[in-house]
Amino acid sequence: MNLHEMGKQARWAGRKLASVASEQRTEALSILSEKLLEHAEEILEGNGQDVQRARELGLSEAMLDRLLLNPSRLQGMSDDLRRVAHLPDPLEEIFEERVLPNGLRLHKRRVPLGVLGVIYESRPNVTVDVVGLAIKSGNAVILRGGSETIESNRALIRVIHQALMEAGLPENCVQWIDDPDRKYVYELLQLDEFVDLIIPRGGASLHEFCRKNSRIPVITGGIGICHLFVEESADLEKSLPVILNAKVQRPTVCNALDTLLVQRSIADIFLPEVVRLLGDAGVSFKVDEIAWDILKDYQGIRISRAQPEDFDTEWLSLILGIRVVNDLEEAIEHIAQHSTGHSDGILTQNTALAEKFVQRVDSAAVYVNASTRFTDGGQFGLGAEVAISTQRIHARGPMGLRELTTYKWVVEGMYHVRS
């Protein structure tokens, strides 16, 4: 496999893609949305082979859940593509128009980033999400999925290429490294001549490898140690379903709740309600010493003392860390020490404290009285996302269409010369 040639083809295809009409890129997504359902049997068959092999290899339930496709998830992927297709075209956006005193007219115009290199694990739906956003925003993409998704991706790429050809777009604007050899990850990270941005989606080790070995800018994120702080003025009855949703609705994803912080003044009455509700849903608990003294006598609920490293763990399962804190300051300090800057929130009726929390907590998404599960491109109205960035440059939070563009200055004059 010649990645240099793939990069060269991606650069050419990306330039062509950026110049085609918005309607043509939109049509490609509409065609792909239909073809996903038309070829559902083929895609699910490939995915079934991947899941079976993953079970035989002993992959965790969290990994299996991320890997699994079914008719409902495939329908969701198709629906997401349609939503992206009908979003405004970011490449039509002109902004910050001005006229200088000398008569020059300036504006900024959005343009694609160019060629994206996306390295990801486990989730075959990422293939479709990334392709949809890349095509709509005029970017070419080189994909490198995990070895555990190889049959799923083979089926998906065949369908994607059919849709591109039917829409009259260059097939090479979407390329896939179909060899699972990890050496190709390193080679992709060296293609700075052709690739403009690397987006890893996976565990901490993948992100660290990309940061240390890439000659290309890397967007990192998607690792979430997420917190909710229940402040003493919170409506406790309404807080319970928020916590349940944040932890249980889909525990294997990055925006699921990992640590619950509860103010000391309400811990005695509130923590038993939390563990009863979540315990019935299959959650087990790692609790600090204060919470242990409150909860240790509860029968039929799996509760253990937390170890120091537990509050630095992204559980990706039905485990919840609990810590009792004295006040807002202690909650903010805990989040500053243990959060990965993904999604953190407060449950409170005190608007002044809510605003203080929002100002002081430096995460990509900060919540007031809502579940952390909303940190998602689709939920934020972006259609989908290529990643959730937890860094400050070039984008933060769910990365949708606009986050896959940069801009250029356009300067219009009347044969101006500089004096």
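Student: What volume does the largest cavity have?
Tutor: About 50 Å³. Keep in mind that this is a predicted model.

Student: How many cavities of 30 Å³ or more turn up in the whole structure?
Tutor: The search finds three.

Student: And which residues line the largest cavity?
Tutor: The lining is made by Arg144, Gly145, Gly146, Ser147, Ile150, Trp176, Ile177, Asp178, Asp179 and Pro180. One of these, Ile150, also belongs to the buried set of helix H7.

Student: Let's stay on H7, then. Which of its residues are buried?
Tutor: The list is Ile150, Ser152, Asn153, Ala155, Leu156, Ile157, Val159, Ile160, His161, Ala163 and Leu164.

Student: Why would residues three or four places apart point the same way in a helix?
Tutor: Because an α-helix has 3.6 residues a turn.

Student: How far apart are the end C-alpha atoms of H7?
Tutor: They are 24 Å apart.

Student: Which glycine follows H7, and what is its phi?
Tutor: That's glycine 168, with a positive phi near 75 degrees.

Student: Switching to pockets: how much space lies in the largest pocket?
Tutor: About 1,200 Å³. The lining counts 48 residues, and those closest to the pocket's centre are Arg123, Asn125, Arg250, Val253 and Asp376.

Student: Which elements give two or more residues to that lining?
Tutor: Helices H4 (61–67), H5 (71–85), H6 (125–136) and H9 (204–213) do, along with strand E6 (197–201). H5 gives the most, with six residues.

Student: Arg250 sits among the residues closest to the pocket centre. Which salt-bridge network is Arg250 part of?
Tutor: Arg250 is joined with Asp65 and Arg73 into one network, through salt bridges that share partners.

Student: How many salt bridges are there?
Tutor: The count comes to 26. As a general point, side chains of opposite charge can pair when their charged atoms come close.

Student: Which residue does arginine 158 pair with?
Tutor: Its partner is glutamate 42, with 3.1 Å between the closest N and O atoms. Arginine 158 is in helix H7 and glutamate 42 in helix H3 (residues 40–56), so this bridge ties together parts that are 116 residues apart in sequence.

Student: What about glutamate 93, which residue does it meet in a salt bridge?
Tutor: Arginine 402, at 3.1 Å from N to O. Glutamate 93 lies in the loop between H5 and strand E1 (94–99), while arginine 402 lies in the loop between strands E15 (397–398) and E16, so the pair ties together parts 309 residues apart in sequence. Glutamate 93 is partly exposed, at 21%, and arginine 402 is also partly exposed, at 46%.

Student: And where are arginine 215 and aspartate 192?
Tutor: Arginine 215 is in the loop between H9 and E7, and aspartate 192 is in the loop between helix H8 (183–189) and E6. Their side chains form a salt bridge of 3.4 Å, N to O. Arginine 215 counts as exposed at 53%, whereas aspartate 192 is partly exposed at 36%.

Student: Now the surface. Which residues make the nonpolar patch of about 310 Å²?
Tutor: Tyr407, Trp409 and Val411 make that patch. Valine 411 lies in strand E16, which covers residues 405–412.

Student: One last topic. Is glycine 138 buried or exposed?
Tutor: Buried, because its relative accessible area is 1% and the cut-off for buried is under 20%. Glycine 138 is in the loop between H6 and strand E4 (140–144). Its C-alpha atom is 9.9 Å from that of alanine 21, which is 117 residues away along the chain.

Student: And histidine 227, buried or exposed?
Tutor: Histidine 227 counts as buried, at 0% relative accessibility. You'll find histidine 227 in strand E7, residues 226–230.

Note on methods:
Residues are numbered from 1 along each chain as its sequence is written. This is a predicted model: local features need pLDDT of at least 70, side-chain atom pairs count only at pLDDT 80 or more; totals for chains, interfaces and linings use all residues. Side-chain values use heavy atoms; hydrogens and water are left out. Patches are made of residues with over 30% relative accessible area and no salt bridge: like charges are joined within 9 Å, nonpolar side chains (Val, Leu, Ile, Met, Phe, Trp, Tyr) within 5 Å. Accessible areas come from the Shrake-Rupley method with a 1.4 Å probe; for residues, only the protein chains shown count as cover. A salt bridge is a side-chain nitrogen of Lys or Arg within 4 Å of a carboxyl oxygen of Asp or Glu. Helices (H or I, at least four residues) and strands (E, at least two) are DSSP runs, numbered from the N terminus. The expected span of a helix is 1.5 Å times one less than its number of residues. Buried means under 20% relative accessible area, exposed over 50%, partly exposed in between (1.4 Å probe, protein chains only). On a 1 Å grid over the protein atoms alone, a cavity is a set of points where a 1.4 Å probe fits but cannot get out, and a pocket is an open set with protein on both sides within 12 Å along at least five of seven lines; lining residues have an atom within 4 Å of a point. Grid points are joined across faces, edges and corners, and a volume is the space filled by probe spheres set on the points.
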